[in-house]
Amino acid sequence: MSLSPDDDDLPEGILRVVIGEDPPDRLDKALVREVPEEASLSRSRLMKMIAAGDVRKAGQPVTDPKARVAEGEVYELIVGQAADVDTLAENIPLEVIWEDADLIVVNKPVGMVVHPAPGSYTGTLVNALLWHCGDTLSGVGGEKRPGIVHRIDKDTSGLLVVAKSDRAHHGLAAQFERHTVNRHYLALVHGMPSAADPRLRGVRGVSFENGGILRIATNLARHKTDRQRQAVVWNEGRHAVTRVRVLESYGTPAVASLVECWLETGRTHQIRVHMAHAGHGLIGDQTYGGKRRVAPKSVGEGAAEAANTFPRQALHAATLGFVHPVTGEELQFEAPLPADMASLVETLSQAQPR
């Protein structure tokens, strides 16, 4: 794979890089600057190549990423082909919203794990993507695999973008790191968050912005006794900000609401933990929702039963917007509520107090 027009003398799989004027003071930074964009080599991929001895000067491997470089030096990179991975490709149906040579956007169904892990080595989104994308995966980090840049929980439905190339993976990861990706979720929660509620005014980290927007700002970290859970903390962990707007409320008085949540940050279980912290946990959330139930006297027996037996957290990744990491095009996608949440919304909307 000779990627430079002046490299016709090079064998397949070798990329020649010439250090330009005023180079950075170390090899890894210099290569990041000089490697042509069409090579699709991220910084992490280049670091692996240096460590593996696949970066050479005058025929000799240079394995120190901090090695000094000088203008005019010539390096040869052994790029090779992306290696196959051991993960099983499985013919699992996918709802594809968008796909091109560099990325794919899918509407993940409820019950699907994103990435293989202990206890879930098959049936995951990655297994499905390996089958669906096949040879169109140009390689991420030197392997023929989809590049996962964000995740949603197994029992959360909705939109995910996945990289098919190194250059897309690098560009998407940078946008998520800068928190410039637009992600809005729809959730059904207990009660109705309201600026008129004096209780909410007294919850640490909770405030209201113009238009009645609820803002929840805390740190999040692993729970001290249950490592599968996240917990609100203040002097450790990672900063997390969620904003919430009520779209509809149900019952007299309101015992449930459809809310729109958007993330300033993206932490594990962030919406679920933050809504529980505010006292408005998600309907169906067995981990963070506590024992709160929808009262029949407000919405009737049928609607209360439907809400109280809802089998998962009522959360859906409905909107996803980002800048295409290769073309620069601004992309925005929407996915309607899945059937189970849509049915619950309809039931609650038509409910009558007992």
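The model is predicted: local features need pLDDT of at least 70, side-chain atom pairs count only at pLDDT 80 or more, and totals for chains, interfaces and linings use all residues. Residues are numbered from 1 along each chain as its sequence is written, and side-chain values use heavy atoms, with hydrogens and water left out.

**Empty space**

Rolling a probe the size of a water molecule over the atoms shows where empty space is left. The search runs on a 1 Å grid over the protein atoms alone. In a cavity, a 1.4 Å probe fits but cannot get out. A pocket is an open set of points with protein on both sides within 12 Å along at least five of seven lines. Lining residues have an atom within 4 Å of a point. Points are joined across faces, edges and corners, and a volume is the space filled by probe spheres set on them.

There are 2 cavities of 30 Å³ or more. The table sets out the spaces.

| Space | Volume | Lining by class |
|---|---|---|
| Largest cavity | about 40 Å³ | 4 nonpolar, 3 polar, 1 charged |
| Second largest cavity | about 40 Å³ | 3 nonpolar, 1 polar, 2 charged |
| Largest pocket | about 1,300 Å³ | 15 nonpolar, 14 polar, 11 charged |

Here Ala, Val, Leu, Ile, Met, Phe, Trp, Tyr, Cys and Pro count as nonpolar, Asp, Glu, Lys and Arg as charged, and the others, Gly among them, as polar.

The lining of the largest cavity includes His150, Leu159, Arg183 and Thr319. Strands β9 (182-190) and β15 (315-323) each give two or more residues to this lining. Strands (E, at least two residues) and helices (H or I, at least four) are DSSP runs, numbered from the N terminus. Arg183 also lines the second largest cavity, along with Phe176, His179, Val181, Leu263 and Glu264.

The largest pocket has 40 lining residues. Nearest its centre lie Arg151, Asp153, Arg267, Thr268 and His269. At least two lining residues come from each of α4 (166-177), β9, β11 (213-222) and α6 (270-277).

**The sheet**

An open sheet has 4 antiparallel strands in the order β1-β4-β2-β3. Its edge strands, β1 (14-18) and β3 (60-61), each pair on one side only. Pairing takes at least two DSSP bridges. β1 and β4 (74-78) share 5 bridges. In this sheet, Ile14 faces Ile78 of β4.

Helix α1 (27-34) packs on the sheet. The helix is in contact (heavy atoms within 4.5 Å) with β1, β2 (55-57) and β4. The directions of α1 and β1 make about 100°. Such angles run from 0 to 180 degrees between N-to-C directions, with axes fitted to C-alpha atoms, for helices over the stretch in contact.
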